[in-house]
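Good morning. Please look at the picture before I start.

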Amino acid sequence: MNEQNILIVRCGEVALKGLNKPYFERMLVDRIKRNLREFDGVDVKRHEGLIYVRADKNLDMEKITRQISKVFGVASISPAVEAESNLDAIGEAAVEYMMNLIETKGIKTFKVQAKRADKNFPIKSPEIGRIIGAKILIGCKVLKVDVHEPDCLLYVDVRHDKSYIYMDKIQGFGGLPLGTNGKGMILLSGGIDSPVAAFMMAKRGMVLEAVHFHSYPYTSERAREKVEELAGIIASYTGRFKMHVINLLPIQEQIVQNCPEEETTILVRRFMMRIAEEIAKETDCMMLITGENLGQVASQTAEALVVTDSCVSKPIMRPLIGMDKIDIMDKAKEIGTYEKSIEPYEDCCTVFLPKHPTTKPKLEKIIQSESKLDVEGLVRAAVEKDEVVIIRGE
């Protein structure tokens with residue numbers, strides 16, 4: 001058996017990138033190396049459209065596999081054994097592999113699925129499968145072939161210099177390697193939606209920074225800690241990033257004192273966008289990202305979103321815009337943010353919440369209300385008190 005543990009890592013969408021494919025593959029290899037930097041004795045290389053991770057036998061392969069699966073751009077991972085590309089060597093390795101499965105998993109039936117990636121290999125894929133299957137039957141007499149519902153579907157991948165034998169395909173998240181699609185600023189709250197929006201944009205290759213708004217002392221320090229913990233879960237996929245923490249209370253108080261109550265929510269939202277845009281300009285973020293979902297609350301009606309967008313010049317990405325709430329919740333559970341998001345701590349959006357918020361705001365009326373405020377001064381004062389927190393992955 002091999003002296004090292006071997007993982008075959010497959011690219012997803014990266015494989016479709018044509019002439020740009022080598023660039024995306026290099027980025028993917030770099031990201032995998034970065035996620036595995038805590039392990040000594042790991043080697044990562046790409047060859048013929050696949051990425052091979054070789055690790056010393058004493059390392060925790062389950063943990064290594066989990067770390068690789070969090071890298072965007074990875075479609076699937078297979079723990080494999082390696083053999084010389086001749087039928088005797090492949091057969092010997094396959095028999096040893098199956099004997100181990102009989103011992104550890106109690107399998108009784110199998111099927112071989114062969115792939116001849118090296119078209120110069122003299123025997124075609126179906127015949128390779130039959131020959132290796134016969135060798136397994138001779139070497140593992142307790143096994144039988146079941147072509148319909150086998151206990152083990154054994155893959156044999158024949159390549160030019162080496163061949164690989166494996167059973168499992170552990171799914172990754174797919175997407176594109178982080179850093180291949182610019183940089184965005186996510187407006188991050190303690191709710192369910194915005195962490196999922198951050199994950200989905202990062203999955204498309206976008207590097208993130210975050211801005212979080214609070215209303216201390218109306219919102220507690222524990223509420224802020226919750227958001228930092230949520231950000232830490234996101235960072236386990238994206239790597240460390242900056243989070244800008246802004247106290248929105250002085251702006252909220254000015255709005256409540258000077259503007260119609262029913263417009264409070266949309267006015268606060270417009271200030272959030274302005275502040276986020278100013279920070280985005282300073283940090284070279286190309287766009288703003290929110291977890292808004294069409295029609296979910298009063299500030300997320302079509303009319304409200306149009307009014308919100310009109311106060312900034314940077315594009316606003318809303319990756320959840322057409323998703324059902326249940327689908328968003330399922331995604332939050334999948335990525336590990338849901339349980340933290342539902343913890344019952346205050347959010348700045350619930351402070352001074354009007355009884356009957358406007359759902360169809362008119363831009364001219366909103367601008368008229370804002371004329372009673374020192375908009376530029378309030379935005380500038382908030383940005384000047386920006387507190388930067390470095391978020392590290394859990």
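I will take the helix to begin with, and then the strand. Keep in mind that this is a predicted model.

The helix is H3, residues 87-105. H3 has 19 residues, and from its first C-alpha to its last it reaches 26 Å.

Which residues of H3 are buried? Among them are Leu87, Ala89, Ile90 and Gly91. Further along, Ala93, Ala94, Val95, Tyr97, Met98 and Leu101 are buried as well.

What do these buried residues pack against? Their partners are strand E4 (74-84), strand E5 (109-116), helix H4 (125-139), strand E7 (152-158) and strand E8 (162-166). Just after H3 comes glycine 106, with a positive phi of about 65°.

Now the strand, E8, which is one of those partners of H3. Buried here means under 20% relative accessible area. Of the 5 residues of E8, 4 are buried, so the strand is largely enclosed by the rest of the structure.

Which strands does E8 pair with? E4 is one, in the antiparallel sense, over 5 bridges. In that pairing, valine 81 has isoleucine 165 of E8 as its bridge partner. E7 is another, also antiparallel, over 4 bridges. There, serine 163 of E8 is the bridge partner of valine 158. E7 and E8 form a hairpin, and 3 residues lie between them.

To go back to the helix: E4, E7 and E8 are among the elements that the buried residues of H3 pack against. That is where I will stop.

Conventions
Residues numbered from 1 in each chain as written. Predicted model: local features only at pLDDT ≥ 70, side-chain atom pairs only at ≥ 80, totals over all residues. Heavy atoms only, no water. Helix = DSSP H or I, 4+ residues; strand = E, 2+ residues; numbered from the N terminus. Expected span 1.5 Å × (residues − 1). Buried < 20%, exposed > 50% of the residue type's maximum accessible area, 1.4 Å probe, protein only. Contact = heavy atoms within 4.5 Å. Pairing = 2+ DSSP bridges.
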